[in-house]
Amino acid sequence: MPVNTIPPVDLVRQYKLISDEIDRAILEVVRSGRYIGGTVVSDFEQHLLEYVGSSYCVGCNSGTDALYLALRALNIGAGDEVITTPFTFIATAETISLVGAKPVFVDIERDTFNMDVEAIEAAITPQTKAIIPVHLFGQPVNMNRLMDIAQKHNLYVIEDCAQATGAKWGDHIVGSIGHIGCFSFFPTKNLGTCGDGGAITTDDPAIAETIRIIKEHGSAQRYYHDVVGINSRLDSIQAAILEVKLRYLDQWNEQRREIAQRYHQLLSPIPGIQLPQEIKGGYHVWNQYTILVKNKSNHETTTRDNLKQKLQEQGIISMIYYPIPLHLQKVYENLGYQKGAFPITEQAAMEVLSLPMFPDLSPEEQEQVAYALKDYCH
Ligand SMILES: Cc1ncc(COP(=O)(O)O)c(C=O)c1O
């Protein structure tokens, strides 16, 4: 591989910029001897809820746990259906299955990769209890329209904000619009820690309290267990790191937006390539910069795969999120969806390519990416 490799994400660069603060925060926890819970966790929960604009925040072990806990708190289970997108990370649907409910998919919009809100009503049945919109790649779903539909049909809305911490719909930060917001602090997320972490936001005190109980082995009072729960803690060390990083989140999101602008300028127009767009009303935080590479190949390997390979030969590592839509995954064969059920999603899975994107990506690196891309496409 060439020496000047451009990775999809470089976490070390970010760490080096704030290493003094991060090291100090970690050491304080280690020296305190208080490794589980404590004010370091509750302070971060407080600051995150203030940032998001919700009334309550509960930290947990991961974004996956956040979704699971949200569904449990809403008492969603066997016999219930939850509508979501087939173009997302498995956790979104997996947690619906884990609580015993059935994921019901709707197709996406080609321009945003987000669930097509206008397709939701046709998927609603008497069993439908909730909708999980995913703000994919950092782009918010049209939450006005989605909340109207949810209200009309009396459905809960759980926002999957894993890839979109700090994104906004109108003036509202995602996670404060639906009934519950679920966040992931996986290292590559916009607010990522040095391990796993997650959080739930809500305005409903009863939901917040139920989530606290379920994530602590189903107990409000130690050693008294009222429901079957799990152990899902936001680690104290991770909370201390997140507390530092939360202060930089807006700046990093702005840097991502500048990088997206520069990609737009460098890459348009290139025949056969569709660039991602920010929809009106939304504030996109660009967890990914994902292009569509029009397929001209009749073979197993798509034009996108060939381009990915060519970029890699020049040291540029791109990613495919996601190669197989959820309705075509082996695990969901039992749901009975056939190939062709969601044509836009299926075409996107063949054509998406996420280019290197992180706040400290340099203009020179972006130029290198653009040069390689143009070279291949022309
Ligand atoms: C859209 C989406 N939802 C949920 C998750 C799950 O988050 P975690 O990895 O923290 O469990 C992810 C993480 O990749 C994600 O991208």
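Me: Which residues make up domain 1 and domain 2 in the domain assignment of the chain?
Reply: Domain 1 covers 11–106 + 113–246, and domain 2 covers 250–377. These bounds come from an automatic or database domain assignment. The model is predicted: local features need pLDDT of at least 70, side-chain atom pairs count only at pLDDT 80 or more, and totals for chains, interfaces and linings use all residues. Residues are numbered from 1 along each chain as its sequence is written, and side-chain values use heavy atoms, with hydrogens and water left out.

Me: How do you know that domain 1 and domain 2 touch, and how far apart are their C-alpha centres?
Reply: The centres lie 25 Å apart. Contact (heavy atoms within 4.5 Å) takes in 37 residues from domain 1 and 38 residues from domain 2.

Me: What makes up the area that domain 1 and domain 2 bury between them?
Reply: The two domains bury about 3100 Å². Carbon and sulfur atoms carry 60% of it. Buried area is the accessible area (1.4 Å probe) lost when two parts are put together, summed over both.

Me: Why is the pair Arg 13 and Glu 365 called a salt bridge?
Reply: The rule asks for a side-chain nitrogen of Lys or Arg within 4 Å of a carboxyl oxygen of Asp or Glu. In Arg 13 and Glu 365 the closest N and O atoms are 2.8 Å apart, so the pair qualifies. Across the interface of domain 1 and domain 2 the rule finds one salt bridge.

Me: What else is found across the interface of domain 1 and domain 2?
Reply: There are 22 residue pairs in polar contact, both residues at pLDDT 80 or more. A polar contact is a pair of N or O atoms within 3.5 Å; within protein, one must be able to donate a hydrogen and the other to accept it, and residues adjacent in sequence count only if both atoms are side-chain atoms.

Me: Which elements supply the side of domain 1 that touches domain 2?
Reply: α1 (11–17), α5 (91–98), β3 (102–105) and β6 (168–169) each give at least two residues. The largest share, four residues, comes from β3. Helices (H or I, at least four residues) and strands (E, at least two) are DSSP runs, numbered from the N terminus.

Me: What makes Glu 118 and Arg 145 a link between separate parts?
Reply: Glu 118 forms a salt bridge with Arg 145, with the closest N and O atoms 2.7 Å apart. Glu 118 lies in the loop between β3 and α6 (120–123) and Arg 145 in helix α7 (residues 143–152), so the pair ties together parts that are 27 residues apart in sequence. The whole structure holds 12 salt bridges.

Me: How do you know that β12 and β13 pair, and in which sense?
Reply: Strands pair if DSSP finds at least two bridges between them. Four bridges join β12 (residues 289–293) to β13, so the two strands pass, running antiparallel. Tyr 289 stands opposite Leu 355 in β13.

Me: Why are β10 and β13 called edge strands?
Reply: The open sheet has three strands in the order β10-β12-β13. β10 (273–274) and β13 (352–355) each have a single partner strand, so one side of each is left without a neighbour in the sheet.

Me: What is the order of the open sheet that contains β6?
Reply: The order is β7-β6-β11, with antiparallel pairing. β7 (172–173) and β11 (282–283) are the edge strands. Two bridges join β6 and β7, and Trp 169 stands opposite His 172 in β7.

Me: What makes the backbone at Pro 269, Tyr 322 and Asn 75 worth a look?
Reply: Most residues other than glycine have a negative phi, and most peptide bonds are trans. Ser 268 and Pro 269 are joined by a cis peptide bond, with omega about -10 degrees. Pro 269 lies in the loop between α10 (249–267) and β10. Another cis peptide bond joins Tyr 321 and Tyr 322, with omega about 10 degrees. Asn 75 has a phi near 65 degrees, a positive value in a residue other than glycine.
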